[in-house]
Amino acid sequence: MTTPAMEIDAVDIGFGPPGQRTEVLSDINLKVEKNEFVAIIGFSGSGKSTLMNLLAGIQPASSGEVRMNGTPVREPGPELGILFQNYSLLPWLSVYGNIDLAVKQVFPAKTAAERKDYIQRYIDMVSLSGSEWKKPSELSGGMRQRLSLARTLSMQPEVLLLDEPLSALDALTRANLQDEIIRIWEEDRRTVIMITNDVDEAVLMADRIIALTPGPKATLGKSFPVTLDRPRDRTTLNFNPEFIALRNEVTKYMIGINEEAKKLRVSADLPLPGLMPIDFNSHDRKPRVAQTSDLIAPGSQQVPEVEERELVGAADE
Amino acid sequence: MSEQTRIEKIKYGLLKTIDVSGFKVFDPVVRLIFGEEPQKQVKDITRFMLMPIVFVCCCLVAWNFIAPRHKTKSGEVPTPAQVWNALTINDTLYDRENEKESDFALSDDQREAKIEEVKTLIETKESESTKLKEELATIEASAKQKKAEALAPLQAEYSELKTTHKEARAKRKIEAESLAEAVTKKKATTEELLTFLRDSSRLKEDEKEKEQIIKDQIAEINNEKPKSLQAAQMASDSAATEVQHLKKRLDYLSSGNRSLKVAKAKDSASSALTELESAKSPAEILAAANTVVKNEERASKIAKQEYPRASTIWFQMWRSLFTVFIGFVLAAVVAIPIGIMCGLNRVAMACLTPIISIFKPVSPVVWLLIFQIVVGAFFPNPETHPFFVFLNSLPIIGRLNANPALIFSACTVAMCALWPALVNTALGVSSVEKDHMNVAKVLRLGLWSRLTKIIIPSSLPLMFAGLRISLGVGWMVLIAAEALSSSEGLGKFVWDEYQNGSSLTFSNILLACFVIGIIGFILDRIMIVLQRAVSFDDGAATV
Amino acid sequence: MAIASGVPFPREANCFSRSNKRTSIPQLSELKLHSKPVKRKDIKNLLFPILSFAVALFVMGLSEASGVVTDPTTPAQPLAKPTPEQLDVEKDELKFGFIKLTDCAPIVIAKEKGFFEAEGLQVEVIAQPNWKQLLDNVINGELDGAHMLSGQPIAATIGFGTKAHIVTAYTLDLNGNGITVSNDVWAAMVENDPSLDTPTPQHPISAAPLKPVVQEKLDSGEKLQMGMVFPVSTHNYEIRYWLASAGIHPGMYTSEDIKGFTEAQVELSVTPPPQMPSALESGTISGYCVGEPWNQQAVAKSIGVPVTTNYDIWKNNPEKVFGVTKAWADENPNTHIAVVKALIRAGKWLDETDGAGNLVNREEACRLLAKPNYVGADFDVIKNSMTGFFYFQKSDKRAMPDFNVFFKYQSSYPWYSDGVWFLTQMRRWGQITEPKPAQWYDETAKSVYLPLVYLDAAKRLMDEGHIAETDIPWDTDGYRPATSDFIDGIEYDGKKPLEYLKKHAIGHQN
């Protein structure tokens, strides 16, 4: 059997000191074949971003391992091209400059002229021609995500990780970009793992849909293969019975696991009130107060401290 | 069509320039010129330009009204006109220094021509001055007479009052004595005596009060100085000063002139040279040769001499700017790397936090005194110290006469300006967006590229916001530091004026207040423009 | 346009555009930017010192601190056939400090009338904020020399306050101080002594009528506060002398009490001269002793009444000297002589009289002193005392031809006896904590006062024809004859300091 392009092997991720530990992800197992398009679907706050960061190597696993082509992923890198939900563009650089930064870093051997052509190709690919010298602040949301996509693609990653890439966009732009991503993927096939909260999007784009159960202790649930023929046309798809059936099945499943999770959560023990020291040298602009809801949040499902820790870790290096 | 777009382009170019340079108030003016929604623009102009102007004018009027009515014995609050007058006087002082400087350096025909010019000027000014003096004398005499006339009745009244009071007091004394006697004879009670004494003491107080009233009136008349006398005095003073200045100029054109002094030294050298040729004995030869060498040296030394300028407000302004610049650069050079370090590393931040917290609130005056000792120790002999020799040999900066006082003023500025820049840099660096750091991680940027490509560009806006505060703090601190350290600059101008205690003192201090304020404002504007140039948010919250 | 940002700008912008016109033009020409545009190189030059600042400071500091001791150059041959040629000065660009008081006149005049230039000296005269800083700047080399209180070189040399060997070869002036009391205190004094209640009371006024005022204050648990200029200033000794002569104890200095408040009935505190009138007006102090123009200022503003001048306390007492460090004097012997020459000429010029004995040059001097970079007070105010008049009250203008003496009475000679008097006062009030033998007074005075330099300069001037032979005490041993021209009539003989100390009831007597 061939080694999968991307493999998650019994990964747990938890935060907090012993005794107050919050398990975000637990017992995650996933295998993605080469050039497969996998969509992971989950409710917001269920640990999707943590899962994505795990895949990208940004978030280390508490236990278990992530492997790419059989080698463990220990740190992020250009081969794991991640497309962030909020674009992550550098606002002081132009469209060209943003891509240039990546290309220079990943392909240092390229000459200036080569680089220029190369960058232009990606700008054209995402239909941003003519906006090369605009700053991200001058672009619309859709254009920004295109730019982000172009930058990620320009690194020629082996695996493309899409972290709710379209959730911040309006419906029309979203549809437009979905088509775009599919087009580009069809032209230049590679392994894609996409996280989304949109069942339609998942069904439209993916080869396989995997559910993520709501946190805490989120884990991967049932897997739904999508057997619809490609290219999939969104106009006709709405009348496709297979599409409708799959969509309903997935939606029903998702609602079901959410109900279960709610029941579970009510019975959960209330932890001690927040005694976490306030961190003065906070690396965050916002004042932060430790709250019980940070630790366990019935109703609101927030992952405590994840973001802070990541930032701190990043700055410390 | 192309014409239309060109005009549009010019318009938006102008609007953008105005916006970036921080003069957004002129925005409606530009729009009005291009005919965009004239009514709205006129409304905006009235609201945001005319109203403030009217308000400032109202303030000026109020100032003009209140100032002469607010008198203390230490002086009067100057009116706007007096401050303006102070400005022209300071400007004249500056011009005079310029004249003397150029006179000092003139030579040959130009010098001769200038001498003639100055001589005729002296003649006219002198006659003018004598005339003014005479006028002043007559006005003074008449004022004196008027005063005497006004005082005479009051003084008469006062002495009359005093004699009557004296008599009354003597009478009361006798009465009291007789009353006391009566008490011994039991003809009166002690109570009566006490009442009498109490009454007379009260009477005495009343009398004193009455005397004081007249005394005050006399003092008031004595203090009065008629406007005409003041004006005559000022006119006569300024004419006399002008004459004196012209005479000094003449001096710089003749005996004090550089070229003449050089020529004199050269003459001595050449005469000593002929002496040398005719000298016989070795002692004579040696003496003559020595004289030649000395005079040659002197000639070359004098040729390099500069006119020693007396400091004027504009010179002091430039020197203050230079000092604050050095202090600011020092602060930035120290604060930014430390700030970056603190922002990157929490341990570094923890290490520095106590130091920052303790030193940040310390007053600039304390720093100044400390730096006086610390910096002073490095320059035991400032005149010949290579650092100052170097600074003062520079083309423009050399004219500012850098000295240790400048350096420790600058250090004080740096010490106080350090903190906002440091704290803001640290904040900027530590609050680089997580996503941007993730990009760095994905790209596997090294520490250096991470710094230069992500962290620094991302924290530039906050860094510049800090630097802007720093410059503002520095400028404020500098004025105090200069006043205390007697380093030439606007602070010293204020302090000297205060020490002068002349009738112009308060006008000059207010003038300095405006100069300092306006420069502070300009510096702040420059920093705003820089800050805007590096900031990318531009009001867009999400990028 | 945003309202929030729009509002503050127009006003500022208005200020900017209005005054920019006036300020910017001279600014530019000041630095000759128009003739010499800033080149790239200049900017580099500018950056370099800043970047190399710390390094330079450190390296220079080390090298200089390690102490390159310059050998004292061969001292100028005293009185050895001077030539009318300029002296071969070691240093021709000098900086002198002064305090904004009219008795800095000789220094200002020597500069403005070209006496320094005649000696080949290019002199910058710089106002100093206070006496302490002036002394510090002389010691640290920022200034070459300065207008100093007579007590300063002595105190610095014996180590009271900052220790440094300071010397003087020139006495700048005599007299020139006054004691002013507030209007209230004056009213009380008038009440205590009705003979003062006239527009022109009889002088000298002793502190006796002040005594009840002091006592009254003491009874109510307070001490009368008065101001003086500096712990070792003539003013301090004069006001103490004046108070003590009327039996008021002005307080002793001890090794612990450096403020001099011990046993004080009147507390004397240091107040900078320019702040005296406002301190008096605000009631912080009830009187002060200070030089001109600050007494006349009190009259002009009617906030106080000068009760006496130091001329009445001690007729023709020494006031200010021209001080330099010993090291500077050793390194620049010829420069020192040249400076003293210029100062002697300035002093003589200031005291020039016409046939009728009127001071002819004083008005011009006042005009020069009234410039803002010198004394800067109003011409009228300076003129009062400098031209030989003194206003005790607005109605009481008196001729005081000797209020400022710059040259008369051979006053500019550095007399040892002056130094000894200050030493006796320092001992009397406890600034010198230990009793000293008479010989010590003589030796200390001789280490501070340098009459040889003065005589050398004077000789040259006489040969050049600038001064007359009678102007200078050629054959003196440096001690003036004994005098009893004091307010209390006690005789002072500089050769007998210990006997002099014994004559005073208040203060140390040995």
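What percentage of the 543 residues in chain B is buried? The figure is 34%, where buried means that 20 or more other C-beta atoms, placed from the backbone, lie within 10 Å of the residue's own.

Some housekeeping. This is a predicted model, in which local features need pLDDT of at least 70 and side-chain atom pairs count only at pLDDT 80 or more, while totals for chains, interfaces and linings use all residues. Residues are numbered from 1 along each chain as its sequence is written, and chains are lettered from A and ligands numbered from 1 in the order in which they are written.

Now the chain overall. Chain B has 18 helices and two strands; these are DSSP runs, helices being H or I of at least four residues and strands E of at least two, numbered from the N terminus. Its radius of gyration, taken over C-alpha atoms, is 36 Å, well over the 24 Å from the globule rule for 543 residues, so chain B is more spread out than a compact globule. That rule is 2.2 Å times the number of residues to the power 0.38. Along the principal axes, the C-alpha atoms fill a box of roughly 120 × 90 × 65 Å.

Next, two helix pairs. Two packed helices are described by the angle between their axes and the distance between the axes. Axes are lines fitted to C-alpha atoms over the stretch in contact, and angles run from 0 to 180 degrees between N-to-C directions.

In chain B, helix α8 (residues 258-278) and helix α9 (residues 282-304) have axes that come within 8 Å and cross at roughly 165°. α8(B) and α9(B) are therefore roughly antiparallel, the word for angles over 145 degrees. By class, their contact has 13 nonpolar, three polar and six charged residues. Nonpolar covers Ala, Val, Leu, Ile, Met, Phe, Trp, Tyr, Cys and Pro; charged covers Asp, Glu, Lys and Arg; the others, Gly among them, are polar.

Helix α10 (residues 313-344) and helix α11 (residues 346-359) of chain B pack at about 120°, with axes 5 Å apart. B:I338, B:M341 and B:C342 in α10(B) meet B:A348, B:M349 and B:L352 in α11(B), a contact with six nonpolar, no polar and no charged residues.

Last, one residue. B:Y498 is in helix α17 (residues 490-500) of chain B. B:Y498 is buried, with 20 other C-beta atoms within 10 Å. Leaving aside neighbours within four places in sequence, B:Y498 is in contact (C-beta atoms within 7 Å) with B:T505, B:I509 and C:P274.

Methods
Buried ≥ 20, exposed ≤ 12 C-beta atoms within 10 Å, placed from the backbone. Contact = placed C-beta atoms within 7 Å. Parallel < 35°, antiparallel > 145°, perpendicular 65-115°, else oblique.
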